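Look at the sequence and the model together.

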Amino acid sequence: MTATHKALEQVDSNINDSLERLFAFLRIPSISTQAAHAQACCAAADWLVKELHALGFEASSRETPGHPIVVGHRAGPQGAPHVLFYGHYDVQPVDPLDLWQTPPFEPCLMDGADGAQEIRARGAADDKGQVMTFLEACRALIDANGALPVGVTMVIEGEEESGGTNLLPFLKANAAELKADVALICDTGMLDAKTPAITTMLRGMVGEEVIVTAADRDLHSGMFGNAAHNPIQVLCDILSDLRDGATGRVTLAGFYDGVPELPDDVRTLWRDIGPSDEAGLGSVGLRWPAGEVGYTALEQTWCRPSCEINGISGGYEESGFKTVLPAKASAKVSFRLVGTQEPETIRAAFREHVRLRLPKDCSVEFIAHGGSPASVVPSDMPQLEKALEALSEEWNTQAAVIGCGGSIPVVGEVKEALGLDTLLIGFGLDDDRIHSPNEKYSLTSFHKGTRSWVRVLTALAR
């Protein structure tokens with residue numbers, strides 16, 4: 001029996017123990033954005049250090065200006081590659097609590113809508129369950145064979161859900177210690193419940209808040225309507241100009257500089273493996289794609305840049321009615337970036353767009369809310385093919401190469417600070433309800449995800 005199959009048998013025979021450890025991790029209410037749970041974040045970090053010590057890792061909880069970062073090291077065989085694994089132990093707030101069918105920090109196994117069992121708890125899929133697939137794979141390899149096939153360094157942070165501002169400085173300050181051949185990140189998902197995937201395209205993001213002010217106080221709309229500028233109307237006019245109504249294209253100057261066209265072979269592949277527009281949008285009660293004309297809904301989220309208005313406010317917003325002309329109005333706008341679009345260039349173009357359309361007697365204020373470039377895994381990356389083969393073998397189907405409409409800033413930060421390309425391998429599903437009540441993680445995702453990492457780590461050693 002090979003070392004790989006010994007470890008796979010170890011995963012299967014110890015699945016109940018693995019679940020007990022995951023449940024213990026999930027019981028810790030490590031909500032990073034709420035000060036009341038700061039001690040719980042420290043407890044989660046300490047729990048991970050203890051688990052890593054039990055696996056023979058040299059591990060410690062490192063202080064930062066925010067929540068601690070856990071670092072663990074275990075050497076591999078002489079001459080073997082070394083991997084850097086990233087995850088996060090912090091979780092989102094649980095509000096609204098009354099929508100949870102079970103208490104969010106009392107994990108349990110439940111039957112899902114399709115009859116398959118799922119792990120229910122806050123953090124089950126994002127990201128504690130995913131982190132534990134990797135830890136349990138390391139445990140199985142060590143228990144079965146006495147060693148890991150590659151050297152492993154783990155960096156598990158506690159602020160991913162609250163901005164992650166301390167991670168990049170930490171990576172830069174500890175670059176020599178964190179040296180590796182490739183990074184592994186598990187904060188992603190599969191194509192569907194039976195098809196594993198490696199995400200090779202991530203969109204970047206720019207977040208902006210814009211505040212328009214006119215009069216020095218709220219005004220009576222009967223006495224000043226028409227005669228005075230209404231900041232809500234001004235802002236709506238400006239925002240409506242962000243897209244061309246006929247083509248759906250974003251109108252910012254230079255917005256599409258650095259945006260590559262999708263190769264025909266990739267477009268054909270995605271249309272073969274992905275859902276139709278009707279099927280993809282049907283899951284949220286929609287049918288027809290918006291945005292850029294000529295692109296499918298999948299293409300628009302995986303490989304095209306976007307501009308979205310995430311919130312707008314001003315004037316009287318309580319129940320009832322009040323005939324007020326507000327002094328201020330504000331909006332929150334985000335841009336998802338692809339290719340080589342530069343975040344600060346897009347930010348500057350948006351601000352210029354607003355200023356050029358601002359009427360006399362109005363002023364504007366901008367608040368930046370982060371920015372990160374897009375990330376693309378090189379198609380000729382040698383570790384990519386090895387990982388795809390390992391995943392395909394475990395799931396008995398061809399693993400897919402997919403894009404992701406979201407942004408994972410740590411991918412760019414790992415590249416910037418450590419010079420590493422990243423394999424994004426995760427086992428989440430679209431219906432895992434991350435960030436929402438009743439978050440869950442498929443038991444199959446946890447079990448076969450653990451087995452998958454055994455195969456991937458073994459493959460990367462070759």
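Which residues lie nearest the centre of the second largest pocket? In this predicted model, they are D114, A193, L429, D431 and K440, out of 20 residues that line the pocket. The volume of the second largest pocket is about 390 Å³. Three elements each give its lining at least two residues: strand 5 (117–120), strand 18 (440–442) and helix 14 (443–461). Sorted by class, the lining of this pocket consists of eight charged, seven nonpolar and five polar residues.

Rolling a probe the size of a water molecule over the atoms shows where empty space is left. How many cavities of 30 Å³ or more does a search of the whole structure find? The search finds one. The largest cavity holds about 30 Å³ of space. Its lining includes L202, R203 and G204, as well as S372, P373 and S375. S407, I408, P409 and G412 also line the cavity. By class, five of the lining residues are polar, four are nonpolar and one is charged.

Now turn to strand 13, which spans residues 328–337. Is this strand mostly covered or mostly uncovered? Strand 13 is mostly covered, with seven of its 10 residues buried. Strand 9 (residues 204–213) runs antiparallel to strand 13 and is joined to it by 10 bridges. In this pairing, G207 has S334 of strand 13 as its bridge partner. Strand 11 (residues 306–314) is also antiparallel to strand 13, and eight bridges join the two. C307 has F335 of strand 13 as its bridge partner.

How values were computed
Residues numbered from 1 in each chain as written. Predicted model: local features only at pLDDT ≥ 70, side-chain atom pairs only at ≥ 80, totals over all residues. Heavy atoms only, no water. Buried < 20%, exposed > 50% of the residue type's maximum accessible area, 1.4 Å probe, protein only. Helix = DSSP H or I, 4+ residues; strand = E, 2+ residues; numbered from the N terminus. Pairing = 2+ DSSP bridges. 1 Å grid on protein atoms, 1.4 Å probe; cavity = no way out; pocket = protein on both sides within 12 Å on 5 of 7 lines; lining within 4 Å. Points joined across faces, edges and corners; volume = space filled by probe spheres on them. Nonpolar A, V, L, I, M, F, W, Y, C, P; charged D, E, K, R; others polar.
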